[in-house]
Every structure is written in structure tokens, then in C-alpha cells.
Amino acid sequence: MFIALGLGACKRGSGPQLDDPAPQVELPDFRGKTWQLPGDLRGKVWLVRFWSLDCHLCDKDILLGLETLRQKYQDRGFVPVAVNVANTTPTTNVGNASPN
């Protein structure tokens, strides 16, 4: 009942909602290429992972696991997107995908 009361206190429209379109963002990758998301990955299935070297929960094994998933599912259009938020300007690594 406590959880139900807590959920009832949430206001609809106070942030992103289910079925809202993804916001447009522009991120450079570690090679200097700029990616327009979601546009450059339209039609693909992508997973965004935010990470930082300063974060104890950002285990490198998780990032390596994304590469395993990419290799396994890339033929189905899966693209992992790892965003390093430790920099003043976030950078991204967008699997081995190339923009459409």
C-alpha cells in the first residue's frame, strides 16, 4: 500500500513518458565523429549505457558485455551506445555501427 501511495503521488507530464519520442542529441565519439541520435540509428535497436571511470557501479565488465551483445545481435540491428559522462563534454562509443 505504501508503494501504491508513492506511485499515486507522481504527476503525469513531469518528465518523459512512455511512447514519447527520444530527444535529439548530438555526441562526438572517441574518433571525433559526431553522431546525431536517434537519427543516425533510426531503424536499429539500441541500448544506451552511461558510464564514468569515477563510478564504482560502472564496471568495465559491463561495457565488455555490451561488445559481446553487439557481436551476437548486430545482424538483427542491435547497436550498443556507451556514453562517457566523466568528461565535461560527454563522448560516446557507438558499437561498430555507421550512420545511415
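1. In this predicted model, strand 3 provides the largest share of the lining of the second largest pocket, namely three residues. Strand 3 covers residues 45-51, and two further elements, strand 1 (25-28) and strand 4 (78-84), also give two or more residues to that lining.

2. The second largest pocket holds about 190 Å³ of space. Its lining is made up of 12 residues, and those nearest the pocket centre are Val25, Leu27, Leu37, Val48 and Phe50.

3. Val25, one of the residues nearest the centre of the pocket, stands opposite Leu37 in strand 2. The pairing of strand 1 with strand 2 is antiparallel and extends over four bridges.

4. Strand 1 and strand 2 together form a hairpin, with five residues between the two strands. Within the turn, Gly32 has a positive phi of about 95°.

5. Which residues make up the largest nonpolar core? This core has seven residues: Leu27, Trp35, Leu37, Leu41, Val79, Val81 and Val83. Strand 2 (34-37) and strand 4 are the elements that give two or more residues to the core, and strand 4 gives the most, with three residues. In soluble globular proteins, nonpolar side chains tend to be buried together.

6. Pocket and core may be viewed side by side. Leu27 and Leu37 belong to the largest nonpolar core, and Leu27 and Leu37 are also among the residues nearest the centre of the second largest pocket.

Definitions and conventions: Residues are numbered from 1 along each chain as its sequence is written. This is a predicted model: local features need pLDDT of at least 70, side-chain atom pairs count only at pLDDT 80 or more; totals for chains, interfaces and linings use all residues. Side-chain values use heavy atoms; hydrogens and water are left out. On a 1 Å grid over the protein atoms alone, a cavity is a set of points where a 1.4 Å probe fits but cannot get out, and a pocket is an open set with protein on both sides within 12 Å along at least five of seven lines; lining residues have an atom within 4 Å of a point. Grid points are joined across faces, edges and corners, and a volume is the space filled by probe spheres set on the points. A nonpolar core is a set of buried Ala, Val, Leu, Ile, Met, Phe, Trp, Tyr and Cys residues joined through side-chain atoms within 4.5 Å. Buried means under 20% relative accessible area, exposed over 50%, partly exposed in between (1.4 Å probe, protein chains only). Two strands pair if DSSP finds at least two bridges between them.
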